[in-house]
Amino acid sequence: MKGVLPAKCDGVTAVKFCLTMPRTYVRKTTKASWNTEDLVQAINVVANKEMILRKAAKKFNIPYTTLQERIKHSNYQPPRLGCLSVFSLSNEQEIVNHVIKLANLFYGWTTLELRAAAYTFVVKNNIKNKFNHHHKLAGVDRFRNFIRRNPSVTVRKPEATSMSRITAFNKTEVTLFFQNLEKVMEKYKFTSANIYNMDETRISTVQDPGKIVAVVIATTAAAFSLTMKGVLPAKCDGVTAVKFCLTVITPSQINYIKYQLTKNGPPGALYQCTKNGWTNEEVFLEWLKHFNYHAKPSQEYPVLLILDNHISHISMAAYEFCRSKHIVMLSLPPHTSHRLQPLDVSFFGPLKAAFKRECDLYIKSHCLVKITPYDLAELFNKAYSCVATIQKGISGFASTGIVPMNPNIFTDEDYFAAATLNCDDPINVIETPNTSNLTPQSSKNADDSLVSPQISLSLVSIEELTPIPKKMPIKMVRRVAAKQHSTLITGTPMKDKLQEREKKRKEKLTKAEAKLQKIGNSKPKCTKKDKITKRNLFDEFLKKKKSLQKDFLMNQVMMKVLI
């Protein structure tokens, strides 16, 4: 319903309400009910002189004049109702391709940004339109019809991804990882049961309640979230392609293991404590011993352990232990665990969701009771038992291309963002992934028929109006650590690097001890005078005031005695 209806609010001001067309419109006629297949058949029948034009139009339910016009101009477009659209087919396909390109580059548009870009596009190219010139936006209904006509694009919730992960997941690094994996597979002949993946993740006592059923008219819906602040346990798992095993939980701010921390926890789990709640070299070495006890590697049947290149995983003690116990460690490329780590891909997400459900059930079944570190082992065991299935282990290794080994599991479209953002001229060097098969679909409703059949070339393209962000020039050169790659941690070249790092560490410790000893032997320095602050001045004033009052009272008493 078109029009603007003014309304008064208590005689103070007038508010305008814009009424739009209903989005649940139902057609009341059968006009233009034929499709493209009927049109092609009718044209072929007339061209082969099997039937005259009028009979063909009647048989295929196509108006006579429409069929005559389509044959004359060789127009095979689907039927269209309503007025001409703002964008032509070529213009709309150009916008669709650019939307997909920006989404693949992790710079996807919001609905508001797309509507603003559409308005800018028609203004720059002098295209007639009925957009909102006050807000400089395309209409909401036009956006919804655009999504309906183009099923290749939709509105989605993006996952927050760091720039390091975007640029690190490139073809060079992934190819190097699979080359290293192929070498160790050919050398040691690992079976699927002897390939393990190890990773750490964090679970929190801070409960995040999910959606609940509440009253419609309520302004807010709240739920209990009773927590113990600051206790963030970390957990690491070892998983093979066919089974899950081993768990290490390291609570923070607890200096020693108590029995209550392990009560009703996962059977056969190893519990360790660290100051900050994260794994370190000592904890990882203990985990390796626990892993060796369960995996039981031997010279005839060694095991392959795939993990990230965190500094706690690369030490001389871990290297010597793995070499002596026939454990081959292969590291993933840095910042690629979201695509190459089986645990990240298929296990940690369902595990945290299950743990969240268990915490929610615990809070709702215990009135006003906090989740303490002593409850975590039992809650985690319930979630872990539900999620640790064989199918998740198999799907995690298969989706990353490790077991069965598939180096070509990732396509050029997966590397598109890294290849584009790493180059100096991203617009001219890299082309958009092929989206030629993503053609807009036609619609028969009056609201949906917004695409014009004719082809028109725009003077200003959508890419020129909204270009890909370019790299900013580096203003200052900072010291950057050496870039890491996928490496064989238990390889011979790594031993020299670890020995050199251990030597530097000992030298650093020696210097620090000498410095402390020198400070201990030296004379203590004179302490600085207390700083003059408002608080100190106020305290001194009160002291003097009390002493003066005391002296005054004493003088009064003496005067009375003398009198």
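Which residue forms a salt bridge with Lys101? In this predicted model, where local features need pLDDT of at least 70 and side-chain atom pairs count only at pLDDT 80 or more, totals for chains, interfaces and linings use all residues. Residues are numbered from 1 along each chain as its sequence is written, and side-chain values use heavy atoms, with hydrogens and water left out.

The partner turns out to be Glu463, with the closest N and O atoms 3.9 Å apart. That pair links distant parts of the chain: Glu463 sits in helix 18 (residues 462–465) and Lys101 in helix 4, 362 residues apart. Helices here are DSSP runs of H or I, at least four residues long, numbered from the N terminus. Glu463 is partly exposed at 31% relative accessible area, while Lys101, at 3%, counts as buried. Buried means under 20% relative accessible area, exposed over 50%, and partly exposed in between (1.4 Å probe, protein chains only).

Searching the whole structure turns up 8 salt bridges, each being a side-chain nitrogen of Lys or Arg within 4 Å of a carboxyl oxygen of Asp or Glu. One of them pairs Arg149 with Glu92, at 2.9 Å between the closest N and O atoms. Arg149 belongs to helix 6 (residues 140–149) and Glu92 to helix 4 (residues 89–104), so this contact ties together parts 57 residues apart in sequence. Both Arg149 and Glu92 are buried.

Helix 9 (residues 281–295) holds both Glu286 and Lys289, 3 residues apart, or about one turn of the helix. Their salt bridge has its closest N and O atoms 3.9 Å apart. Glu286 is partly exposed, at 32% relative accessible area, and Lys289 is partly exposed too, at 39%.

Key
Helices (H or I, at least four residues) and strands (E, at least two) are DSSP runs, numbered from the N terminus.
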